[in-house]
Amino acid sequence: MLAALPLAEPDPLWALISAFRDDRRADKIDLVVGVYRDASGQTPVMRAVQQAETRLASVAASKSYRALSGNAAFNDGISRLLLGKDNEALDRQCTIQTVGGTGALRVLADFIALVSPAAMIWNTDPGYINHRPIMRAAGLGVKSFRWQDNGTGLDIDAAIADLANARTGDVVILHGCCHNPTGIDPSTEEWRRLAALCKDRGLIPLIDMAYQGFGDGVEEDARGLRHFAAELDTVLVAASCSKNMGLYCERTGAAMVIAANSGPLANIRATLERITRANYSMPPEHGAAIAACLFENPNTWLAELEESRQRVTTIRGNLADALADCGAPEKFQALRRQKGMFSLLPLDQRQMSRLREEFGVYGTANGRINIAGLLPDGVDRLAAALKAVSGAPSLARPVRASA
Ligand code: PMP
């Protein structure tokens, strides 16, 4: 058996992470890893999470198995966070706790493969690096539709033109907010156009909400999803608590299926549970129990999340200012308008290598940077490096990251 094992390429992101670790330059800048960092470069446990953990530890009664759908209070809380606490769609949706946002995507992929195996999945180009592999792993076909225009904004006409090739029953993955990797989100009007297109052509939206609270605010970031929920009979939602609660390693997320009415909900739940039962049986309790505490008593958590959101927005503004001050090309000013932790730099692979080799600035090969990885003392240096690599090629001998 093992003789036939095909060679698996190592994950390119992890290769960059170890290259960064091995780089001996003191002023190196890590913009690769997709985690939030505070102004001291840490990814701390939120205070609200620490308080919840203390409380949970003191009342823990049993580690016995929980329900296949996970923690019911969590499922209730996250559905209200996503849809809004008084949304009529709450009565026609089913939510189960999953193993992070990735687990939600995979459960939904298996759900799609079970119900309509011939459905094509439409994915933004550029898009989140793991959407395609997850959908392919469930046996589904994947096609792309354009997202970014030649500059740094959303090309809604191109997106709609490409999606005109989708057939009834096909699934369109949309990022609920803070598009990864571009940071380019639809305006209210563009959300309306996308929803109208899905409605007219019978397409099923799968809204991936991995950064709620990092764009314009917790409620504002859900406006696209809520519009879809109001307009369409069927909406799939994958949610992650990794970023907005900092629960990365606790693997806490949710899969939601919104239906036209409450009629099919029991069967949807039973189907989702059968899918998870044949995979990991049930999700881990700890992260969901923490999240349920945060939903019950949200003030401290929401204040901390707002602090994180503002830090990301401030860094975007500071970087755009520094780029303007040093005379970098105008196209970089889009960094100010884009949302959330990620932006796709208007640089090619060669320029990204130069950033890494000459300036110790690590982003992904396709140009993605994590804005939250930038510390206050790195802003001017990054702006100067971006200006340098976007101009004429350097004659200086590149300094290689040490092995
Ligand atoms: N969707 C998107 C768009 C993401 O960026 C991520 C994680 N970075 C996920 C899903 C997966 O989230 P999780 O870590 O909770 O599995």
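Author: The loop between strand S3 (120–125) and helix H5 (131–137) holds Pro 126; helices (H or I, at least four residues) and strands (E, at least two) are DSSP runs, numbered from the N terminus. This is a predicted model, in which local features need pLDDT of at least 70 and side-chain atom pairs pLDDT 80 or more, while totals for chains, interfaces and linings use all residues. Residues are numbered from 1 along each chain as its sequence is written, and side-chain values use heavy atoms, without hydrogens and water.

Pro 126 is joined to Asp 125 by a cis peptide bond, with omega near 0°. A further cis peptide bond runs from Asn 180 to Pro 181, where omega is about 20°. Pro 181 belongs to the loop between strand S5 (171–175) and helix H7 (188–201). Cys 178 also sits in the loop between S5 and H7. Although Cys 178 is not a glycine, its phi is positive, at about 50°.

A pocket is an open set of points on a 1 Å grid where a 1.4 Å probe fits, with protein on both sides within 12 Å along at least five of seven lines, and lining residues have an atom within 4 Å of a point. The lining of the largest pocket consists of 27 residues, and Leu 13, Gly 34, Thr 102, Tyr 128 and Lys 243 lie nearest its centre. Helix H1 (12–22) and helix H4 (100–115) are the elements that each give two or more residues to this lining. H1 supplies the largest share, 4 residues. Domain 1 (10–45 + 301–390) and domain 2 (65–296) both contribute lining residues, so the largest pocket lies between them; the domain bounds come from an automatic or database assignment.

H4 also takes part in a helix crossing: its axis and that of helix H9 (residues 265–277) come within 10 Å and cross at roughly 115°. H4 is therefore roughly perpendicular to H9. Axes are lines fitted to C-alpha atoms over the stretch in contact, with angles from 0 to 180 degrees between N-to-C directions. Under 35 degrees counts as roughly parallel, over 145 as roughly antiparallel, 65 to 115 as roughly perpendicular and the rest as oblique. For helix H11 (residues 299–325) and helix H14 (residues 379–390), the axes come within 9 Å and cross at roughly 50°. That angle makes H11 oblique to H14.
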